[in-house]
Amino acid sequence: MSQFSLSPEQRAYVERVRDVARTDLAHVPHVEGQVNRPLLREMGRLGLLRGLFGGGADESPRDAAAMQLCLLRETLAGVSTEAETALALQGLGSYPILQSGQDKVVDRWIPGVVTGEVVAGFALSEPAAGSDAAALTLRAERDGDGWLLFGEKTWISNAPEADVYSVFARTTPDARARGVTAFAVAGDAPGLSGEHIDLLAPHAIGRLVFDGVRVTADDVLGDVDAGFKVAMRTLDLFRPSVGAFAVGMAQAALDATVAWSTEREVHGAPLHQQQSVSHTLAEMATRVQASRLLVHAAAAAYDAGAAPAEVTRSAAMAKLFATESAQYVVDQAVQMHGARALQRGHLLEHLYREVRAPRIYEGASEVQRTIIGRSLVREHQERHPAGHKENS
Ligand code: COS
């Protein structure tokens, strides 16, 4: 497989996903701002959720396959952003368990995640710890052989309805990233409560309050005090796929605009004959394709087991560029359609609301720039240890 074109198998996979999404998901009623369980079960039945972790329709999930995840997300985004987001939240919430959970914890939760019976959520952010995730304060207090969790999480996917959360808690005070532990926490655990948050694009998202929620040593994902890396490795996998979601939305906006430019007449000629329109279409298409290539490059690096620094940097570049570009593309598409694109129910009205959040969640664009900038300096310093000056 080249990073620059899809293999015949990948093309066939994309076609299959598109067909299934168009035909078999279309009848599932839309749900606003809450978990759509019938939709998740249908995506489970159709084998789409299995694709989250590299499994084919008949295989059990084995591990992450970033390229497949990206193809899945880009394709679904072009058909139904609701299905796309439901699938993505399910993957983000459960991947820490698959990646770092003990076998019995994996066996308890993951089969239900891929059938859509178990809904998962990723619980990292807190009211005072968003971009600075290592500042999190949700407290894990020792209690016999386990812990009691006290504190609050916010902007949590699928909360408060999820059946299981990957929760990142502070086990060692004042140790920032080195004092965080990841736990699998059942959604119905005593002491856990929460509420929905109403967003611009109505995803299932909410707040969680932990009031002495008990977790055991079995629930620890990875090692005690090593949970920050569990979170970061999960984001290394999912950030390129957020880029893929953005590419899918941008492509849908571009397709609609190219079609519109041939249908709509202004001053007696089709819209596309205005040079400003044709040049804008060209700019949109170029940014979509550049985004797609960055997404594929990041996914390919992940799947090839590239050096961690390369995986992290290319994931950040893919998410940054694809989400910022999609915002531009959807905005231009709205502009060229005029007022009709603002009508409730129009595809572009929908995409305009959907395209905003990905520039914020899973690390805002500013966080991605920080990651990229730091990695450039670190690489330079590794190549040129102290004392060596390139330009002297
Ligand atoms: N994979 C593995 N380990 C990683 C890693 C990665 N991608 N990124 C960082 N780490 C490790 C570092 O190696 C370091 O480990 P040591 O203490 O052993 O050296 C530790 O984690 C801390 O890393 P760093 O010093 O870079 O952490 P910072 O506090 O400076 O912050 C950022 C790092 C900004 C990248 C992090 O806080 C972040 O991603 N913020 C955004 C959070 C986010 O995306 N939230 C959205 C939640 S989902 S909607």
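Mentor: Let us begin with a term: a salt bridge is a side-chain nitrogen of Lys or Arg within 4 Å of a carboxyl oxygen of Asp or Glu. The model is predicted, so local features need pLDDT of at least 70 and side-chain atom pairs count only at pLDDT 80 or more, while totals for chains, interfaces and linings use all residues. Residues are numbered from 1 along each chain as its sequence is written, and side-chain values use heavy atoms, with hydrogens and water left out.

Trainee: Which side chains meet in a salt bridge?

Mentor: Those of Glu74 and Arg292 do, at 2.9 Å from N to O, and the count between domain 1 and domain 3 is 1 salt bridge.

Trainee: Which helices supply at least two residues each to the side of domain 1 that touches domain 3?

Mentor: Helix H3 (66–77) and helix H4 (81–100) each do, where helices are DSSP runs of H or I with at least four residues, numbered from the N terminus. H4 gives the most to that side of domain 1, with 10 residues.

Trainee: Where do the domains run, then?

Mentor: The domain assignment, which is automatic or from a database, gives domain 1 as 8–119, domain 2 as 121–226 and domain 3 as 228–391. The centres of domain 1 and domain 3, taken over C-alpha atoms, are 22 Å apart. Their contact (heavy atoms within 4.5 Å) takes 21 residues from domain 1 and 24 residues from domain 3.
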